[in-house]
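Let's take a walk through a protein model together, with its sequence and 3D view open beside us.

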Amino acid sequence: MTELTKLTLSAARDGLHNRDFTAREITEQHVNAIEDAKELNTYIEVTTNQALQMADAADEMIKSGNAKSMTGIPIGIKDLYCTKGFHSCAASHILDGFKPEYESTVTSNLWNDGAVMLGKTNMDEFAMGSSNENSYYGPVKNPWRAGNSDKDTVPGGSSGGSAAAVAADISIATTGTDTGGSIRQPASFAGLVGLKPTYGRCSRFGMIAFASSLDQAGPLTKSVRDAAIMLESMAGYDEKDSTCINIPVPNYEAALTGDISGLKVGIPNEYRVDGMPGEIEKLWQQGIAWLKDAGAQIIDISLPHTKYALPTYYIVAPAECSSNLARYDGVKYGLRVTGDSLDDMYKNTRAAGFGDEVKRRILIGTYVLSAGYYDAYYLKAQRVRTLIANDFKAAYEKCDVILTPTAPSAAFELGDKISDPLAMYLNDVFTVPASLAGLPGVSVPAGLSAEGLPLGLQVLGQAFGEEQMLNVADVLEKAAAFNVKPTKWWGE
Amino acid sequence: MSVDKDTVAKIANLARIAVSDDELESTAGELNNILDWVEQLSEVSTEGVEAMTSVVAASLPRREDKVTDGGYRDQVLKNAPVSEHGFFAVPKVIE
């Protein structure tokens with residue numbers, strides 16, 4: 001039998017609809033491939049029985065003529081999403097044993113369309129990190145390795161397990177979440193497409209909260225078409241999330257016309273940062289040339305507050321995290337470590353339950369929100385955030401989409417940056433600005449570094465401009481014709 | 001602005017995270033690295049700039065003020081480390 005794990009989502013959909021193979025067959029092949037790839041540590045929990053049941057139900061849907069695009073597609077779900085009765089711990093010790101009694105809206109939408117859950121993917125604890133080394137369940141290994149090296153590289157973060165699972169062909173696609181780049185940066189590190197929609201496009205209900213004004217759900221996939229198909233299933237209004245916007249979900253796949261003639265593509269001068277490798281600048285120039293060849297008009301734009309985006313983010317996100325994570329107190333769910341008093345129980349539970357990076361951000365957040373510092377830090381950052389959003393508004397008067405690199409480097413080696421938080425934060429220099437402005441972005445694999453590791457380019461769109469953004473990404477993907485896969489070194 | 005060991009102890013208490021005396025010094029160092037770096041925002045003039053409250057132009061939806069869901073006591077308690085008589089249970093707080 002053909003290797004069904006190698007299929008893109010759109011090819012798998014077509015094969016399922018044509019009855020070339022069944023949902024059960026494609027699911028079983030993935031279950032076996034997951035077993036073979038255990039050392040990558042991509043899945044925290046594999047839900048084989050559930051997957052097979054869902055696959056059989058999907059086959060029934062197909063037989064009865066009710067198949068949707070996602071029907072029978074085996075996917076991995078980031079551990080940040082609440083899935084009823086299954087492991088949902090945001091890769092944190094403090095949520096030990098937590099099995100939600102309810103389902104997140106985004107996963108509900110996927111299951112209603114007949115998608116199949118393979119398991120829960122590893123991630124940085126509470127989505128805080130850019131290398132997936134901050135997981136209570138251990139780091140994820142990127143299927144990609146440099147040249148002839150046998151050293152492990154990181155898959156990026158925080159959706160590192162989700163990225164590695166798709167890159168290793170042990171999931172057709174996965175869900176991720178993106179707060180400051182947590183879908184796009186891992187997609188770039190693993191040679192995938194990663195899409196963060198506009199803030200408010202997907203419901204956050206049932207997604208374990210990190211920074212509520214920034215968190216968004218999105219897909220990691222093998223192609224732009226796959227991302228379009230999966231986003232359509234994930235997105236939509238939900239009255240359980242008051243920040244979810246009530247506008248119709250378009251047919252994103254139909255937006256992939258391949259025609260971008262006359263479209264204005266903005267190139268922000270400020271994204272040429274110090275110390276960026278020459279090969280990334282070169283790839284960016286190549287991307288510009290590809291879009292120009294396809295008939296787009298290239299326009300120089302300025303986003304003057306770009307350099308302040310990261311420091312703004314590292315005030316706003318920790319502030320929101322310190323507030324959101326106050327709920328983990330050893331009372332309602334998860335870990336409890338006893339103490340002499342109620343206060344001691346809280347303190348001991350939180351000291352034992354949170355990892356170093358999470359504690360660091362809670363402390364920073366608590367400090368910037370504390371009396372006497374609120375104005376100087378938090379309010380200041382929210383004002384700069386307005387300026388950053390205004391930069392984009394002004395730019396979009398001149399252009400339709402923006403093209404940038406996704407990350408300032410290719411995947412780095414495991415352990416390289418973990419002891420230097422600031423160096424780690426700089427990974428998100430190109431993804432954070434759009435997050436602060438609530439705008440959509442998609443990373444497309446565009447080439448290889450000199451060491452043979454994937455590099456991505458990022459297309460940013462206007463608010464709820466996913467269709468146009470995906471159309472440009474599709475043109476970019478076709479021009480780049482990136483079809484390299486990591487050489488399999490894991491398993492048998 | 002930089003934080004010292006006492007400030008870290010105060011913040012850690014506010015955040016209800018136990019930090020041992022040995023960790024206070026290194027934590028202060030780590031926090032100062034980050035705080036020194038975010039300090040660059042002071043270069044930006046924000047005179048008359050409104051603080052961001054929502055990234056998308058939307059007004060919060062309203063609904064009739066009535067109970068539409070609930071009655072899940074047992075499910076709510078199901079994940080509690082300790083529960084008694086239909087309540088969350090915590091160490092004694094009244095002497």
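What follows goes from strands to a helix, and then to rings and charges.

This is a predicted model, in which local features need pLDDT of at least 70 and side-chain atom pairs count only at pLDDT 80 or more, while totals for chains, interfaces and linings use all residues. Residues are numbered from 1 along each chain as its sequence is written, chains are lettered from A and ligands numbered from 1 in the order in which they are written, and side-chain values use heavy atoms, with hydrogens and water left out.

Let's begin with strand 4 (residues 173-178) of chain A. Helices (H or I, at least four residues) and strands (E, at least two) are DSSP runs, numbered from the N terminus. Six of the six residues of strand 4 of chain A are buried, so the strand is largely enclosed by the rest of the structure. Here buried means under 20% relative accessible area, exposed means over 50%, and partly exposed lies in between (1.4 Å probe, protein chains only). Both faces are covered: A:Ala173, A:Thr175 and A:Thr177 are buried on one side, and A:Thr174, A:Gly176 and A:Asp178 on the other.

Which strands pair with strand 4 of chain A? Strands pair if DSSP finds at least two bridges between them. Strand 2 (residues 74-78) of chain A runs parallel to strand 4 of chain A and is joined to it by two bridges, with A:Gly76 having A:Thr174 as its bridge partner. Strand 6 (residues 216-221) of chain A runs antiparallel to strand 4 of chain A, with five bridges, and there A:Gln216 stands opposite A:Asp178.

Further along, strand 7 (residues 264-268) and strand 8 (residues 297-301) of chain A pair in the parallel sense over five bridges. The chain gets from strand 7 to strand 8 of chain A through helix 8 (residues 278-293) of chain A, in a right-handed β-α-β crossover. Right-handed means that, with the strands pointing away from the viewer, the path from the first strand over the helix to the second runs clockwise.

Now turn to chain B. Helix 2 (residues 21-38) of chain B has 18 residues and reaches 26 Å from its first C-alpha to its last, close to the 26 Å expected at 1.5 Å a residue. The expected span is 1.5 Å times one less than the number of residues. Its buried residues include B:Leu24, B:Leu31, B:Leu35 and B:Trp37. Among the elements that cover them are helix 9 (309-324) and helix 13 (421-425) of chain A, and helix 1 (5-14) of chain B.

The rings come next. Over all chains, a search of the whole structure finds 19 aromatic pairs. One of them is A:Tyr136 with A:Tyr137, edge-to-face at 5.3 Å centre to centre and 85 degrees between the planes. Rings of Phe, Tyr and Trp (its six-membered ring) pair if their centres lie within 6.5 Å; planes under 30 degrees apart count as stacked, over 60 as edge-to-face and the rest as tilted. A:Tyr136 is partly exposed, at 45% relative accessible area, and A:Tyr137 is partly exposed at 28%. A:Tyr425 and B:Trp37 form a tilted pair, 6.2 Å centre to centre with 45 degrees between the planes. That pair crosses between chains, from helix 13 of chain A to helix 2 of chain B, and both A:Tyr425 and B:Trp37 are buried.

Finally, look for charges. The charged end of A:Arg145 sits over the ring of A:Trp489, 3.5 Å from its centre. A charge sits over a ring if NZ of Lys or CZ of Arg is within 6 Å of the ring centre and within 35 degrees of the ring normal.

Methods: Contact = heavy atoms within 4.5 Å.
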